[in-house]
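This report describes a protein structure for a reader who is new to the subject. Please keep the sequence and the model in view while reading.

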Amino acid sequence: MKFLGFTDISADFEGSIEITRQFNNIENPFNLYSLKTKKIKEKIADYEEGDILYHCVDHLPAEMPLEASMHFGDKLLPFLEEIVKSDTKTPFKNLEISDVVKNAIIC
């Protein structure tokens with residue numbers, strides 16, 4: 001079973017992540033989006049093959065202190081060019097990118 005999940009930190013309703021049609025909250029941080037029905041499921045227990053787990057708390061950026069945000073940005077910035085210039089059509093295992101980027105976990 002493949003399971004795809006992401007966090008939309010932009011919290012832009014139907015914006016860059018077009019399935020963002022409902023925001024989560026700290027008490028209920030995750031929803032599922034059904035690719036079959038194009039509808040949101042609020043219970044993880046309702047997962048079906050192909051559903052996408054997502055997290056979008058519209059006040060999440062305010063939860064991170066400025067200093068932590070600046071530190072994260074400073075650490076990420078050196079890798080952005082490499083990430084942006086990578087070939088999205090190349091299978092991940094064949095990408096010619098640094099081990100630091102290839103082994104990164106973005107959460």
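The sections below go from the overall fold to particular residues and their partners.

## Overall fold

The model is predicted. The protein contains 3 helices and 4 strands. Along the sequence these elements follow the pattern β-β-β-β-α-α-α.

Of the 107 residues in the protein, 20% are buried. Among the contacts with a separation of 6 or more, 37% are made by residues 24 or more positions apart.

Side chains of opposite charge can pair when their charged atoms come close. In this protein the count of salt bridges is 3. One of them joins K41 to E48, with a distance of 2.7 Å from N to O. K41 has a relative accessibility of 14%, below the 20% cut-off, and therefore counts as buried. E48, at 39% relative accessibility, counts as partly exposed.

Another salt bridge, also listed at 2.7 Å from N to O, joins the side chains of K41 and D51. This pair links distant parts of the chain: K41 belongs to strand β3 (residues 40–41), whereas D51 lies in the loop between β3 and β4 (52–55), 10 residues apart. Both K41 and D51 are buried.

## Helix α2

A further salt bridge is found between E81 and K85, whose closest N and O atoms are 2.6 Å apart. Where do E81 and K85 lie? Both belong to helix α2 (residues 66–85), where they are 4 residues apart, about one turn of the helix. An α-helix has 3.6 residues a turn, so residues three or four places apart point the same way. E81 has a relative accessible area of 52% and is exposed. K85 is likewise exposed, with a relative accessible area of 63%. Elsewhere, salt bridges with shared partners join K41, E48 and D51 into one network.

The length of α2 can be checked by a simple calculation. At 1.5 Å a residue, its 20 residues should span 28 Å, and the C-alpha atoms at its ends are 28 Å apart, which agrees. The helix α2 also has a kink of about 45°, centred on F79.

## Aromatic rings

The protein has 1 aromatic pair. It is formed by F6 and Y54, whose ring centres are 5.9 Å apart; the ring planes lie at 15°, so the pair is stacked. The cut-off behind this step is that planes under 30 degrees apart count as stacked. Because F6 is in strand β1 (residues 4–7) and Y54 is in strand β4, the pair ties together parts that are 48 residues apart in sequence.

Is each of these two residues buried or exposed? F6 is partly exposed, with a relative accessible area of 24%. Y54 counts as buried, at 0% relative accessibility. A ring also takes part in another arrangement: the charged end of K102 sits over the ring of F92, 5.8 Å from its centre.

N31 is found in strand β2 (residues 31–33). It has a relative accessible area of 4% and is buried. Which residues does N31 touch, not counting residues up to four places away in sequence? They are Q22, N24, I40, K41, E42, I52, L53 and Y54.

The loop between β2 and β3 contains S34. S34 counts as buried, with 1% relative accessibility. Leaving aside neighbours within four places in sequence, S34 is in contact with K39, K41 and D51. The C-alpha atoms of S34 and I19 are separated by 9.7 Å, and these residues are 15 residues apart along the chain.

K38 is also placed in the loop between β2 and β3. At 47% relative accessibility, K38 counts as partly exposed. Most residues other than glycine have a negative phi. K38, although it is not a glycine, has a positive phi of about 60°.

Key:
Residues numbered from 1 in each chain as written. Predicted model: local features only at pLDDT ≥ 70, side-chain atom pairs only at ≥ 80, totals over all residues. Heavy atoms only, no water. Salt bridge = Lys/Arg side-chain N within 4 Å of Asp/Glu carboxyl O. Buried < 20%, exposed > 50% of the residue type's maximum accessible area, 1.4 Å probe, protein only. Helix = DSSP H or I, 4+ residues; strand = E, 2+ residues; numbered from the N terminus. Expected span 1.5 Å × (residues − 1). Bend = angle between axes of the 7 residues up to and from the residue. Phe/Tyr/Trp six-rings, centres within 6.5 Å; stacked < 30°, edge-to-face > 60°. Lys NZ or Arg CZ within 6 Å of the ring centre and 35° of its normal. Contact = heavy atoms within 4.5 Å.
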